[in-house]
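Keep the sequence and the 3D view side by side.

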Amino acid sequence: MVNAKRVLATEEPPDAIGSVFFGGEHNGSMLQICQSLEWIRYTNQILRSKKVFVLTGTASLIRAECFERIYELRGYYYNEQSITEDFTMTLDLKEVGTKMVSPLSCSCLTEMMPSWKLLFLQRRRWYLGALQQIVQREWTQVMRPYLFQQLLLLISVFSFMLMILFSIYLAFTGDMIFDLFWAMIGIIFMAERITTVWTKGWHARLFAALMIPELIYSFILQISYLDALRQLLMGSKGSWNHV
């Protein structure tokens, strides 16, 4: 709160201040380490882009008049029907012209899922909530970056799944061979994984270099996206499934 007040005291104060978040104390399991590294990379993305994709529901400070403008536009202050309330609120705030920031000085700890099942349920809800907003809202200028983001996510999910299926096919047919080009691509990918968690210390760098744990983690996230897409097509409203 103290750091947020300092941001509000600047010459051109924002209307809303979000926070960057990190994983709290974890038990050293592969699952919770992967979550912790994911949040570090997400924070670095925010700092590089200087853009706020979502005002985190964990800790945000928003001017009351912004909610008044939302009420005039939408007929509510806060959409209680949304299963991803922070994402929906961010879109509502952007549509009424809210200036928002998520400075590194405003940080908090977020809850990490203790099991793969709960991670799957959490991410499925997040993905479904985002997809619901995409199909329910008008595709205004505010929505364009999110539409592009969903398009890239869809492409990446299906590309990842095709790569897995093709690799399994080559392994079973005995046609998998060493290729220098793809080996170099793998090295570049490994370097990206390591450098994006460099500030976390050598434990994080070593874990990122292993690659396999985070590939398994990514696979679970992408399975949850596909199931969220299935729910959307079947008209499911989704549920919280909170820990």
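Predicted model: local features only at pLDDT ≥ 70, side-chain atom pairs only at ≥ 80, totals over all residues.

Leaving aside residues up to four places away in sequence, Tyr217 touches Leu31, Cys34, Gln35, Glu38, Trp116, Leu119 and Arg123. Pick out Leu119 in that list. Together with Leu37 and Tyr217, Leu119 touches the most other members of the largest nonpolar core. That core holds 21 residues.

Which elements give two or more residues to this core? They are helix H2 (30-49), helix H5 (116-136), helix H8 (202-210) and helix H9 (212-233). H2 supplies the largest share, with 5 residues. Nonpolar side chains in soluble globular proteins tend to be buried together.

Now move to a second site.

Turn to the cysteines. Cys34, one of the residues that Tyr217 touches, is buried, with a relative accessible area of 1%. Cys66 is buried too, at a relative accessible area of 0%. How far from Cys66 is the nearest cysteine sulfur? The sulfur belongs to Cys106 and is 16 Å away. A disulfide needs the two sulfur atoms within 2.5 Å, so Cys66 is in no disulfide. For the model as a whole, the count is 0 disulfides. Such a link would be a covalent bond between the sulfur atoms of two cysteines.

Step back to the fold. The protein chain has 9 helices and 5 strands. Read from the N terminus, the elements run α-β-β-α-β-α-α-β-β-α-α-α-α-α.

Along the principal axes, the C-alpha atoms of the protein chain fill a box of roughly 65 × 45 × 35 Å. The chain has 243 residues, and 39% of them count as buried. Its accessible surface comes to about 14,600 Å². Carbon and sulfur atoms account for 64% of that surface.

Finish with charge. The protein chain carries 22 positive and 20 negative side chains. How far apart do the centres of the two sets lie? The separation is 2 Å.

Technical notes: Residues numbered from 1 in each chain as written. Heavy atoms only, no water. Buried < 20%, exposed > 50% of the residue type's maximum accessible area, 1.4 Å probe, protein only. Helix = DSSP H or I, 4+ residues; strand = E, 2+ residues; numbered from the N terminus. Areas by Shrake-Rupley, 256 points an atom, 1.4 Å probe, with all protein chains shown as cover. Lys, Arg positive; Asp, Glu negative; His and termini not counted. Charge placed at Lys NZ, Arg CZ, Asp CG, Glu CD. Core = buried A, V, L, I, M, F, W, Y, C linked by side-chain atoms within 4.5 Å. Contact = heavy atoms within 4.5 Å.
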